[in-house]
Amino acid sequence: MMVLLFGGVSPLAEAQNSGLLGNVAIDGSSTVYPISEAAASGFQKQYPQVKVSVGISGTGGGFKRFTVGDTDISDASRPIKDSEFKAARESGINFFELPVAYDGLTLVARKSNTWLNELTIEEIKTIFLAGSAAKKWSDVRKGWPDEEIRIFAPGTDSGTFDYFKEVVVGKTGASLRSDMSTSEDDNVLVTGVSGTPNSVGFFGVAYYDENKDKLKSVAIVNPKTGDAVSPTPETIESGTYAPFSRPLFIYVNSESFKRPEVRKFIGYYLQNAPKMASSAGYVALPASIYKEAMMRCRKDKTGTHYLTPELEKRTGPVTEIYQESNLVN
Amino acid sequence: MSGNDSHGDSPLQGQSPDASTTEAVKQQAEPVTNGAPFDASKLVTSRNRITKDIRFRQMCIVTASASVLILVFLLGSLLVSGLPALSWTLLTGYPEPEPENAGLWPALMGTLWVCTMCALITLPLGIGTAILLEEFTPRNKLARNVLSLIQLNITNLAGVPSVVYGIIGLTAFVSMFSLFDDADSTDGPSMEMGAVYFDQFSNVASDPFLNTGDADARERYFLIPVDSRGAPVTVPKTGMLAYENGEAGFATVEILAIDPFTDEVSADADIMSRTIDNTSTPGRISEKQWYYLRLPFGRGVVAGALTLMLVILPVIIISTQEALRAVPATLRAGALGLGATPWQVVWNVTLPSAIPGIMTGAILAMSRAIGETAPILIIAGIVYIRSAPQHLMDDCTVMPLQIYNWIQRPQDEFHEIAAGGIVILLAILLTFNAVAILIRHRMQNKLR
C-alpha cells in the first residue's frame, strides 16, 4: 500500500524516449552543485530512466566518499589534495580530472564604503594572516579610517575557504586569523558585509552578481602587471583577475565511466558545461580546455594535473596546468 | 476550562483588601512586632501584596500574548512571503535549476516515506519502553538498577544535539559498524534480496566518446541478465540475444559485436544500431523490487528513519511515561482487584486512558522529526534527486534539506520558492498533527 501511496510518479513526469537505465551518484562541493544540478536535470529530460542524485557534502566530504568508491562523480571547488590522492590510490580508484568552469573568488565591501576600492596581495595578507593580522584599517594602508576590521568568511570546511587560504598563505604553512565571522551559508555573509560598516568578506562571484545593489567588489591588484582588476567574466576568463580566479572540477571514477549511463552523462556534462556554467553564475572555461577534457576521457588518461610526481602542489592558471604532460597517476 | 475561569475562583481574588488586613496581616505581623498594638502602616504592606498579585497577573498576560504575537508575526511573514510562491509546479515538480520550474515532489515523497517509517518504528518502541519503566516494577535489586540506568540514559539522550545522532546513525545503520561489506561500494552489500542484475551495453552510435562517423543510427541500449551482482562481466559476441528496454516494455534483440576501429562498419542503419563495440565494458545495473532489502542498510530511507528514531525516541518515552503516571492509581488497583492480569490492566485500563497524553508527545516528537535537517544531511546527503523512493533502501532527500539548499543559493527567486516550500512543510506538519489530535479527541470522548 505504501508503494501505491508514495511511489506515484509526479504528474509532470515526461514521456520516456530512451531505454537507458542505471544510476549516477554525485556528491561534493556546494559551489559546483548548481552546475551538476543543471547537468542532471537536462540529462534526465533526455534519459528519464537514469537516476542521477547530487549531494552537497562539501569538496572534502565528497572526496572522502569518492576515494572509497561510494560515488561515481565528485564535485570539487579545488583540485584534489595529496592526502585524498593517496587515499584513492590505496583503494585502487582511478579518475578523470575534468575542469568545468571558472569561479572568481570575490572580495566584497559594503556599497556605501567609499575608500575600500582595491587591495594588493600584501594588504590582503596583512588583513587575513593569523600572526600579523591588522586590527584596524589604518594599519593596512595610510589614510584609511582608524576603525576595527570586521571580516565575514565562508566556513573552514568549504573549498572556497581552502582556496582563499592557499592563495593568501601559500606554502608557508601559516593559518588565517581565527576571529572572522564564518558561515556555511554565503547569503549570511552577504547580509553580514552589507550590514556592517568597515567590513570585508569573500565568496564566489555568483553571490556578488546577485547582490550588486548591496555590495561592491574590491579590485585586486594583479601581482604581475600591477593593475587593479575587478572580477568580470572577461577578466576571470583571461586570467588577469589573478590570483583569485579558480577552476571548478568534477572528478569521475574511471571504473564507473565504463558504464553507458555514466559515459552518456559525462558527455552531456562536458558538451553543455559552458552554457550551464554561465547560467549558474560562473564563467565558462576556454573551449580548448573542454576539448582537452573530452580527450582525457576518450583516451582513458586518468590522474591529476595538480600534483607533481612527488605529490607537491602545482599552482597556476588552468590553461598552463591542464596539459597531458602534467598528468600524474 | 479556560484560565480566566479559574482566576475567578481563586481565594486571592475573592478577598477584599479590608478583609485581609484584619486576619492575615495581623497574624503575620504579630511575631515581628512582638505583640505591639495594631499598626495602621502595615496596611501599606498589604496593599503591596495585592499590587504584587496584580502585577504578576499582568506580567503573565504580557508574556503569554508576546509569545502569541511572535507566533502570529512569524506565521504572517511566512505566509506573506510564502503564499505567492505556492504553485502546482512547486508541489509536483522536480528540483530544476530554473527557480520558476523547480518543485519539491521528490523531497515531499522522501519526507513522507522517512517520517512514516520513523513513526511506525518509534511509536511501538517508545511506548513499549515507557510501559516497561512505569508499569512493571522490578522485583529484585539488579533489575531495579538496570531500569534506573535506562531511565538515566533516556533523560540524558533527550538533550543530545541531532548532528551527533546523524553521526551515530552513519555508523550504526548506514555501515552497521562495518560488520558487513560497504553497501555503496562496487562490490555491493553483503546480503540482499529483491534485486535482479543486468549488464547494460550501449550501441556504438550512442557513445559520445567514440567517432563512428554514422550519425543516422539511433541510440539503443541492450540488457543481458546476469546471475548476481558479483557475476563475471559479460563479453559481447555477435549473435547474442539481449533485452531492449523500449517504449512497449522489454523486447528481445540480436546484437552484433565488432571492433569499431578495425572492423568494417555497416552502412545499414538498423544493423548499425544493433552493433556494440566488442571491447566495451558493460555497466552492471539492477532492477529492485519494492521489498528490496540489504545489509548493511546503506544510505537510504530506512537509515534515515532509524536515525530520526534516535532523535525522537527520548521525547516519546518521556511523554508516554508522564501520561501513564497521570492515570489514577485507583483505576489500576480496581482492575487488579477484579482479578485482571498486569497485561490486561495495561492493555484495557492504563493505556486507553493514557492515549491522549501519549498522542501529545507523539505530535511534539513527529514535529521535530519532520523538520530535522542535520542528521538527514549526514545520512542521505542528497539534495538533487528526480524520483520518489521506490523501496526502503532507496536514496532520498527530505523537504528541510531541499529548502536549506534553495536558501543557500545566490538567486533571490530560489529564496522565494524556499518560503513556499516552508509553507508546504508547515501544511504537512499540521496535517500530521491534526490526525494525532483527532485520535486524541476520539479517545477522550470514549473515556467519558
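Is A:Asp300 buried or exposed? A:Asp300 is exposed, with a relative accessible area of 53%. The notes below go through this and other features of the model, which is a predicted one.

1. Two residues with positive phi. A:Asp300 sits in the loop between α11 and α12 of chain A. Its phi is near 60 degrees, a positive value in a residue other than glycine. A:Leu311 is found in the loop between α11 and α12 of chain A, and phi of A:Leu311 is near 65 degrees, again positive in a residue other than glycine. A:Leu311 counts as buried, at 14% relative accessibility, whereas A:Asp300 is exposed.

2. Helix α11 of chain A. This helix covers residues 287–298, 12 residues in all. At 1.5 Å a residue it should span 16 Å, and its end C-alpha atoms are 17 Å apart, which agrees. The buried residues of α11(A) are A:Ile289, A:Tyr290, A:Ala293, A:Met294, A:Arg296 and A:Cys297. Seen down the helix axis, these buried residues fall within an arc of 155 degrees, so they line one face of α11(A). The face turned away from the buried side carries the exposed residues A:Ala287 and A:Lys291.

3. The side chains of A:Glu324 and A:Arg296 meet in a salt bridge, 4.0 Å from N to O. A:Glu324 lies in the segment after α12 (318–321) of chain A and A:Arg296 in helix α11 of chain A, so the pair ties together parts that are 28 residues apart in sequence. A:Arg296 is buried, with a relative accessible area of 1%, while A:Glu324 is partly exposed, at 32%. The pair also belongs to a network of salt bridges that links A:Glu292, A:Arg296, A:Lys299, A:Lys301 and A:Glu324.

4. Other salt bridges. Side chains of opposite charge can pair when their charged atoms come close. Over all chains, a search of the whole structure finds 30 salt bridges. One of them joins the side chains of A:Asp179 and A:Arg177, at 2.7 Å from N to O. Here A:Arg177 counts as buried, at 5% relative accessibility, and A:Asp179 counts as partly exposed, at 49%. The side chains of A:Lys212 and A:Asp209 also meet in a salt bridge, at 3.6 Å from N to O. In this pair A:Lys212 is partly exposed, at 43% relative accessibility, and A:Asp209 is partly exposed, at 35%.

5. A nonpolar patch on chain B. Which residues make the nonpolar surface patch of about 420 Å²? The patch is made by B:Met193, B:Trp290, B:Tyr291 and B:Leu293. Strand β7 (residues 283–295) of chain B gives the most to the nonpolar patch, with 3 residues. B:Tyr291 is placed in strand β7 of chain B and is partly exposed, with a relative accessible area of 40%.

6. A cis peptide bond. B:Leu295 and B:Pro296 are joined by a cis peptide bond, with omega about -5 degrees. B:Pro296 is in the loop between β7 and α10 (301–325) of chain B.

7. Domains of chain B. The domain assignment gives domain 1 (2–39), domain 2 (45–85), domain 3 (87–178 + 297–447) and domain 4 (191–292). The centres of domain 2 of chain B and domain 4 of chain B, taken over C-alpha atoms, are separated by 68 Å.

Technical notes. Residues numbered from 1 in each chain as written. Chains lettered and ligands numbered in written order. Predicted model: local features only at pLDDT ≥ 70, side-chain atom pairs only at ≥ 80, totals over all residues. Heavy atoms only, no water. Domains from an automatic or database assignment. Patch = residues over 30% accessible without salt bridge, like charges linked within 9 Å, V, L, I, M, F, W, Y side chains within 5 Å. Areas by Shrake-Rupley, 256 points an atom, 1.4 Å probe, with all protein chains shown as cover. Helix = DSSP H or I, 4+ residues; strand = E, 2+ residues; numbered from the N terminus. Buried < 20%, exposed > 50% of the residue type's maximum accessible area, 1.4 Å probe, protein only. Expected span 1.5 Å × (residues − 1). Arc of directions from axis to C-beta.
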